Amino acid sequence: MPAFNSMFNNEGGVQLIGNFPLLPLRTRTRGPAYTLPALPPNTPDLDLDPDSESYDILDEVLSLFRANTFFRNFEIQGPADRALIYGILFLSECLGKVKPGMSQREAEKALVNASLEQFSVPGEPGFPLNQAFEPPRDRQDAETLRQ
């Protein structure tokens with residue numbers, strides 16, 4: 001059985017930085033990605049239907065995390081698969097920061113501190129998946145990826 005690929009691979013008009021897509025996100029934070037509509041009132045965000053117009057790549061990362069971490073190989077079929085891989089890697093890092101026995105407040109603090117750390121983007125020496133990602137064309141594109 002092959003790993004699960006992203007349903008966003010066929011999205012048209014997605015801006016690429018290197019070969020990493022800037023996919024739409026359901027967020028209130030300003031950034032380079034297109035913003036998806038907010039969820040309707042009383043809609044649980046933890047069990048969002050993939051056919052919803054508010055379903056984004058982060059929802060997909062969370063829903064496919066457990067299944068895709070068990071696969072040794074992953075065939076990249078499009079740019080959104082790279083976002084999926086990166087999201088799964090980032091989620092693994094986050095779970096590594098949260099230790100058993102931490103209170104919710106301590107876990108939130110650890111994750112906020114981790115999100116504020118400087119991180120490598122494709123093409124930089126500290127980036128763990130340089131073989132699967134093309135580097136940004138210039139410094140401005142690299143800063144856009146960091147946002």
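Glu60 is buried (under 20% relative accessible area, against over 50% for exposed and in between for partly exposed, with a 1.4 Å probe and protein chains only), yet Glu60 has no salt bridge, and the nearest side chain of opposite charge, Arg26, is 12 Å away. A salt bridge is here a side-chain nitrogen of Lys or Arg within 4 Å of a carboxyl oxygen of Asp or Glu, and in assigning charge Lys and Arg count as positive and Asp and Glu as negative, while His and the chain ends are not counted. The model is predicted, so that local features need pLDDT of at least 70 and side-chain atom pairs count only at pLDDT 80 or more, whereas totals for chains, interfaces and linings use all residues. Residues are numbered from 1 along each chain as its sequence is written, and side-chain values use heavy atoms, with hydrogens and water left out.

Glu60 belongs to helix 1 (residues 57-69); helices (H or I, at least four residues) and strands (E, at least two) are DSSP runs, numbered from the N terminus. The side chain of Glu60 makes a polar contact with the side chain of Ser6 at 2.6 Å and also reaches the backbone nitrogen of Met7 at 2.8 Å. A polar contact is a pair of N or O atoms within 3.5 Å, where within protein one must be able to donate a hydrogen and the other to accept it, and where residues adjacent in sequence count only if both atoms are side-chain atoms. When neighbours within four places in sequence are left aside, Glu60 is in contact (heavy atoms within 4.5 Å) with Asn5, Ser6, Met7, Phe8, Tyr55 and Leu84.

By the salt-bridge rule the count comes to 4. In one of these, Asp59 pairs with Arg26, the closest N and O atoms being 2.8 Å apart. Because Asp59 lies in helix 1 and Arg26 in the loop between strand 2 and helix 1, the pair ties together parts that are 33 residues apart in sequence. Asp59 counts as buried because its relative accessibility is 10%, whereas Arg26, at 23%, counts as partly exposed.

Arg146 forms a salt bridge with Glu124 (2.8 Å, N to O), and this pair links distant parts of the chain, since Arg146 is in helix 4 and Glu124 in the loop between helix 3 and helix 4, 22 residues apart. Arg146 also forms a salt bridge with Glu143, with the closest N and O atoms 3.3 Å apart; these two residues are separated by about one helical turn, because they are 3 residues apart in helix 4. Through shared partners, salt bridges join Glu124, Glu143 and Arg146 into one network. Glu124 is partly exposed, with a relative accessible area of 24%, as is Glu143, with 40%.

In helix 4 (residues 139-146), Asp141, Ala142, Thr144, Leu145 and Arg146 are buried, and what covers these buried residues includes strand 1 and strand 2. At the start of helix 4, a side-chain oxygen of Asp138 reaches to within 3.3 Å of the backbone nitrogen of Gln140.

Asn19 lies in the loop between strand 1 (15-17) and strand 2 (20-22), and counts as buried because its relative accessibility is 11%. The side chain of Asn19 reaches the backbone nitrogen of Glu134 at 2.9 Å, and, not counting residues up to four places away in sequence, Asn19 touches Pro79, Arg82, Ala132, Phe133 and Glu134.
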